[in-house]
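Please read it alongside the sequence.

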Amino acid sequence: MKRFNMSKDKAPKRDLEKTIHREFGKSKTRETYSDFLQLDVLLNIQNTFTTPPQRDELLFIMIHQISELWLKLAYSELGEIRSLIQKDDLNRTIKTIGRVKTIQEQLINSWKVLLTMTPTDYKDFRDSLGQSSGFQSWGYRLVEYAMGNRDNSYLAVHKHDPEVIEKLNAELAKPSIYDCVIHLLARNGFPVDDDLLNRDKSQSYLSDPRIVDIWHTIYTKPDAHWALYNLGESLMDMETLFQQWRFSHVRTVERIIGGQSGTGGSSGVEFLERALKLKCFPDLYALRDRILN
């Protein structure tokens with residue numbers, strides 16, 4: 001039997017794939033990975049303002065830019081969820097909610113990276129933020145509006161930017177995801193009164209005992225209404241992750257700035273903690289009280 005001697009029997013050298021493209025620049029189309037992702041733009045917008053540049057400012061900028069990209073994708077997927085519910089396609093709705101949940105987990109994890117920054121690190125560049133603040137994120141506001149928390153008082157923060165105002169008003173003109181769910185319940189034969197179907201959808205929905213009654217029927221007979229039961233739980237998953245993101249935000253801010261006011265003029269942690277009480281799907285919380293009463 002032949003014995004292999006590792007010093008003599010070397011593995012054959014693998015040539016590069018002959019079909020790999022190596023010549024670029026002959027076409028105006030997006031030929032390369034860099035072209036397709038526009039990396040020359042993407043990787044050159046992390047401009048710091050401190051002199052000399054502070055590395056924690058770069059961290060701060062990048063974490064928030066990445067979060068804005070996740071929020072943009074989340075909003076796109078929430079729009080898809082809205083469309084699928086309107087088409088009564090609950091299987092794809094659940095699948096798409098699963099994607100949003102995974103995006104939300106990425107947003108939550110981003111706070112872990114920011115927590116590697118200490119108050120001393122933050123102090124070195126905080127003045128460079130000026131009056132900018134996370135509550136001015138219109139990407140976050142679009143997500144929040146789509147989810148159902150439609151506090152239009154935040155429009156005033158963006159009055160200097162007509163384009164953003166137009167985006168936010170366009171979202172407020174659409175039904176929230178939960179408004180779409182209420183119409184879905186009606187299409188499935190449940191008694192939904194006209195005042196609920198025709199309500200002003202630019203305003204936040206408040207829990208209504210009539211809709212809680214419907215959910216109670218669904219939850220106490222899940223086998224008979226499995227698709228809607230599954231939808232209710234999936235919405236709660238999404239709501240829970242939204243709250244976890246907010247909670248992580250609050251605790252991160254508190255750990256870094258303590259009880260100081262925010263750069264945008266808010267009370268800081270106290271301001272952020274108020275958002276923890278907001279609920280996008282209040283009927284599904286009221287349902288818990290009903291079932292366990």
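The largest nonpolar core has 69 residues, and Leu78, Leu185, Ile211, Trp215, Leu235 and Met238 touch the most other members. Helix 11 gives the most to this core, with 12 residues. The model is predicted: local features need pLDDT of at least 70, side-chain atom pairs count only at pLDDT 80 or more, and totals for chains, interfaces and linings use all residues. Residues are numbered from 1 along each chain as its sequence is written, and side-chain values use heavy atoms, with hydrogens and water left out.

**Core**
- A nonpolar core is a set of buried Ala, Val, Leu, Ile, Met, Phe, Trp, Tyr and Cys residues joined through side-chain atoms within 4.5 Å.
- Buried means under 20% relative accessible area, exposed over 50%, and partly exposed in between (1.4 Å probe, protein chains only).
- Apart from neighbours within four places in sequence, Leu78 is in contact (heavy atoms within 4.5 Å) with Val100, Val143, Ala146, Met147, Ile177 and Met238.

**Helix 4**
- Helices are DSSP runs (H or I, at least four residues), numbered from the N terminus.
- Helix 4 (residues 90-114) has 25 residues and reaches 37 Å from its first C-alpha to its last, close to the 36 Å expected at 1.5 Å a residue; the expected span is 1.5 Å times one less than the number of residues.
- Its buried residues include Val100, Ile103 and Trp111.
- The cover over the buried residues of helix 4 includes helix 3 (55-86), helix 8 (177-187) and helix 11.

**Partly exposed positions**
- Asn230 belongs to helix 11 (residues 226-257) and is partly exposed because its relative accessibility is 27%.
- Val41 lies in helix 2 (residues 39-42) and is partly exposed, with a relative accessible area of 46%.

Key:
Helix = DSSP H or I, 4+ residues; strand = E, 2+ residues; numbered from the N terminus.
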